[in-house]
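Subject: Structure handover

Hello,

Here is the structure for you to look at. My notes on it follow below.

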Amino acid sequence: IFLPDNHCISVLHVLSRSLSLFLSQSNLSMTRALISINQDYYPERLSLCVIFNTTRIFRWFWRLVYPFIDKKTRDKIQLLSPEDNASEMLLEHIDPEMLEMH
């Protein structure tokens with residue numbers, strides 16, 4: 001979601017509950033690419049990254065990836081469990097009209 005001040009908020013929805021999928025080569029490559037793009041090329045533009053519907057398996061996977069992410073980027077990432085209200089959290093940062101557009 002692009003904000004009026006040229007910053008952006010990334011919203012990622014975890015769909016899989018499979019450990020083998022999280023550890024697949026294609027998923028690891030995509031994760032590395034997303035991290036690299038955000039921290040190496042656009043660190044000043046990322047305001048927030050929300051990853052919602054995180055399961056215990058995802059949080060285990062996240063502990064493996066987390067140390068490789070630059071601290072400035074890590075500080076902008078929030079993990080939300082299925083019990084958390086992602087919409088409510090996003091509305092703290094985004095105008096409701098902008099959310100309706102996406």
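Of the 102 residues in the protein chain, 34% are buried (under 20% relative accessible area; exposed is over 50%, partly exposed is in between; 1.4 Å probe, protein chains only). This is a predicted model: local features need pLDDT of at least 70, side-chain atom pairs count only at pLDDT 80 or more, and totals for chains, interfaces and linings use all residues. Residues are numbered from 1 along each chain as its sequence is written, and side-chain values use heavy atoms, with hydrogens and water left out.

Overall layout

The protein chain has 6 helices and 3 strands (DSSP runs numbered from the N terminus: H or I of at least four residues for helices, E of at least two for strands). Along the sequence they follow the pattern β-α-α-β-α-α-β-α-α. Contacts (heavy atoms within 4.5 Å) were also counted. Among those between residues at least 6 apart in sequence, 76% join residues at least 24 apart. The protein chain has an accessible surface of about 6,900 Å² (Shrake-Rupley method, 1.4 Å probe; for residues, only the protein chains shown count as cover). Carbon and sulfur atoms hold 57% of that surface.

The 3 strands make an open, parallel sheet in the order 1-2-3. Strand 1 and strand 3 (77–80) are the edges, each pairing on one side only. Pairing here takes at least two DSSP bridges between two strands. The average twist from one strand to the next is 15°. Strand 1 and strand 2 (residues 46–52) share 6 bridges in the parallel sense. Ile9 sits opposite Leu48 in strand 2. Helix 3 (residues 56–65) lies across strand 2 and strand 3, at about 155° to strand 3 (axes are lines fitted to C-alpha atoms, for helices over the stretch in contact; angles run from 0 to 180 degrees between N-to-C directions).

The surface

Leu12 belongs to strand 1 (residues 8–13). Leu12 counts as partly exposed because its relative accessibility is 36%. With Met30 and Leu34, Leu12 makes a nonpolar surface patch of about 260 Å². Patch residues have over 30% relative accessible area and no salt bridge; like charges are joined within 9 Å, nonpolar side chains (Val, Leu, Ile, Met, Phe, Trp, Tyr) within 5 Å.

How many salt bridges does the whole structure hold? The search finds 1 (a Lys or Arg side-chain nitrogen within 4 Å of an Asp or Glu carboxyl oxygen). Asp75 and Lys71 meet in a salt bridge at 3.0 Å, N to O. Asp75 is exposed, at 51% relative accessible area.

Best wishes
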